[in-house]
Amino acid sequence: MRVSIEVNGKTVDGEVPDRTLLVHYLRDTAGLTGTNIGCDTTSCGACTVLLDGESVKSCTVLAAQADGHEVTTVEGLASGSGTEGLHPVQRAFREQHGLQCGFCTPGMMMATVSLLKENPKPTRDEARAALEGNLCRCTGYHNIVSAVIDASGQEVAQ
């Protein structure tokens, strides 16, 4: 099956088997490895991307379902090179130490972008609730939630 998806503003065309998951399309066809494969069961959220602006776990979407749609991955957030080009969410995760091993970070960032689109000034409890579909085995979530609050432009209470 031929699939054409706009990924991070660029059209990516590819011939893939009918059952190809979007996460595999992004990694194998588009060459974007920031979207991680953690569980293939929707449990961890490491594969979270934006599909037409909405947060989805790309291990639950077939590439064929995304044909003709827009996908944004963590690589598509930055507007340039260096720290000056970081998206506000990327900057906040960096400044608030919202990562350790980094495996969950791309999914956490994409879920955060989606959250802030819907709720620009979340409370810490709202941030925790919005990220509950994304698992982190390293951080304990405190700094991740602080990064969400920082990215929203609110004061981060220490």
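Trainee: Which residues does Leu26 touch, not counting residues up to four places away in sequence?

Mentor: The model shown here is a predicted one. In it, Leu26 is found in helix 1, and its relative accessible area of 0% means that it is buried. Not counting residues up to four places away in sequence, Leu26 touches Val7, Gly31, Leu32, Thr35, Val49, Val71 and Thr73.

Trainee: How are the buried residues of helix 1 arranged, seen down the axis of the helix?

Mentor: In helix 1, which comprises residues 22–29, the buried residues are Leu22, Val23, Tyr25 and Leu26. Seen down the axis of helix 1, these residues fall within an arc of 165 degrees, so what they line is one face of the helix.

Trainee: What covers the buried residues of helix 1?

Mentor: The cover includes both strands and a helix. Among the elements are helix 2 (63–66), strand 1 (2–7), strand 2 (10–15), strand 3 (48–51) and strand 5 (70–72).

Trainee: Is Val16 buried or exposed?

Mentor: Val16 lies in the loop between strand 2 and helix 1. Not counting residues up to four places away in sequence, Val16 touches Met1, Val3, Tyr25 and Thr29. Buried means under 20% relative accessible area. Val16 has 7% relative accessibility, and therefore counts as buried.

Trainee: How far apart in space are Val16 and Ala64, C-alpha to C-alpha?

Mentor: In sequence, Val16 and Ala64 are 48 residues apart. In space, C-alpha to C-alpha, the distance between Val16 and Ala64 is 8.8 Å.

Trainee: What is the phi of Tyr141?

Mentor: Tyr141 lies in the loop between helix 5 (124–130) and helix 6. Its relative accessible area is 24%, so Tyr141 is partly exposed. Although Tyr141 is not a glycine, its phi is positive, at about 75 degrees.

Trainee: Why is helix 6 described as largely enclosed by the rest of the structure?

Mentor: The buried residues in helix 6 are Ile144, Val145, Ser146, Ala147, Val148, Ile149, Asp150 and Ala151. What covers them includes helix 3, helix 4 and helix 5. Helix 6 is largely enclosed because, of its 10 residues, the number buried is eight.

Trainee: With which residues is Ser146 in contact, leaving aside its neighbours within four places in sequence?

Mentor: Ser146 has its place in helix 6. It counts as buried because its relative accessibility is 1%. Leaving aside neighbours within four places in sequence, Ser146 is in contact with Gln96, Arg124 and Val156.

Trainee: How are helix 4 and helix 6 oriented to each other?

Mentor: Two packed helices are described by the angle between their axes and the distance between the axes. For helix 4 (residues 105–118) and helix 6 (residues 142–151), the axes are 11 Å apart and the packing angle is about 40 degrees. Helix 4 and helix 6 are therefore oblique.

Trainee: Which residues make the contact of helix 4 with helix 6?

Mentor: The crossing of helix 4 and helix 6 is right-handed. By class, their contact has six nonpolar residues, one polar and no charged. Helix 6 contributes Ile144, Val148 and Ala151, and helix 4 contributes Met108, Thr112, Leu115 and Leu116.

Trainee: At roughly what angle do the axes of helix 3 and helix 4 cross?

Mentor: The crossing of helix 3 and helix 4 is right-handed. The contact is made by Val89, Gln90 and Phe93 of helix 3, together with Thr105, Met108, Met109, Thr112, Val113 and Leu116 of helix 4. By class, this contact of helix 3 with helix 4 has six nonpolar, three polar and no charged residues. The axes of helix 3 (residues 88–95) and helix 4 come within 10 Å and cross at roughly 125 degrees.

Notes. Residues numbered from 1 in each chain as written. Predicted model: local features only at pLDDT ≥ 70, side-chain atom pairs only at ≥ 80, totals over all residues. Heavy atoms only, no water. Axes fitted to C-alpha atoms, helices over the stretch in contact; angles between N-to-C directions. Helix = DSSP H or I, 4+ residues; strand = E, 2+ residues; numbered from the N terminus. Parallel < 35°, antiparallel > 145°, perpendicular 65-115°, else oblique. Left-handed = near helix turned anticlockwise from the far one by under 90°. Contact = heavy atoms within 4.5 Å. Nonpolar A, V, L, I, M, F, W, Y, C, P; charged D, E, K, R; others polar. Buried < 20%, exposed > 50% of the residue type's maximum accessible area, 1.4 Å probe, protein only. Arc of directions from axis to C-beta.
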